[in-house]
Amino acid sequence: MNRTLLIVFVFILGIHPFFAQRHSRDRIKTLKVAYLTEQLNLTKKEAQEFWPVYNAHEEMMGNIRKKEREEFSSSFGNIDDLSENEADKIIAQYLKLMAEKYKVEQDFVNNLKEVIPPKKVILLFKAERSFKKRLIQQYRKRKEGG
């Protein structure tokens, strides 16, 4: 079954463009859920407790990334126009946001350890990295081929 799901995963990624539209992001999310579920081999009870924790974390991190883009994308583009005082304020904001990210990650790991065993927490990190790597590889293949 694991091999079958992986083959379906690769096939779907190979035939769908995945960075262009909202539909593609939803598709990637669906594939990620399937991939993580398979890799973690969650029991039914673990899955019921895991996904709400995982989804809440993803939403919080998405909000932080959005905030980061909003606050810093324009600032980083006009560095020559910044005074040293303005640059110092931006650095302080950046450090505050990084501390917020760190706190969210700490809370996430602690919450995960309450619903799945520590080995599966580590396996999650590995599976997420593997999923991202595969996604990037597929993107590069599509970019080179088209």
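**Exercise 1. Find what share of the 146 residues in the chain is buried.**

Step 1. Set the classes. Buried means under 20% relative accessible area, exposed means over 50%, and partly exposed lies in between (1.4 Å probe, protein chains only).
Step 2. Apply the cut-off. Buried residues account for 26% of the 146 residues.
Step 3. Note the basis. This is a predicted model: local features need pLDDT of at least 70, side-chain atom pairs count only at pLDDT 80 or more, and totals for chains, interfaces and linings use all residues. Residues are numbered from 1 along each chain as its sequence is written, and side-chain values use heavy atoms, with hydrogens and water left out.

**Exercise 2. State the secondary structure elements of the chain and their order.**

Step 1. Count them. There are five helices and zero strands.
Step 2. Read from the N terminus. The order is α-α-α-α-α.

**Exercise 3. Classify the ring pair of Trp51 and Tyr54.**

Step 1. Recall the rule. Rings of Phe, Tyr and Trp (its six-membered ring) pair if their centres lie within 6.5 Å; planes under 30 degrees apart are stacked, over 60 edge-to-face, the rest tilted.
Step 2. The structure holds five aromatic pairs.
Step 3. Apply the rule. The ring centres of Trp51 and Tyr54 are 5.4 Å apart and the planes stand at 80 degrees, so the pair is edge-to-face.
Step 4. Locate the residues. Both lie in helix α3, three residues apart, about one turn of the helix.
Step 5. Check burial. Trp51 is buried at 14% relative accessible area. Tyr54 is also buried, at 3%.
Step 6. Widen the view. Phe50, Trp51, Tyr54 and Phe108 form one aromatic cluster.

**Exercise 4. Describe the backbone and setting of Asn41.**

Step 1. Read phi. Asn41 is not a glycine, yet its phi is positive, about 50 degrees.
Step 2. Find its place. Asn41 sits in the loop between α2 (22-40) and α3.
Step 3. Check accessibility. At 58% relative accessible area, Asn41 is exposed.

**Exercise 5. Where does Arg65 lie, and is it buried or partly exposed?**

Step 1. Arg65 is in helix α3.
Step 2. Its relative accessible area is 38%, so Arg65 counts as partly exposed.

Technical notes:
Helix = DSSP H or I, 4+ residues; strand = E, 2+ residues; numbered from the N terminus.
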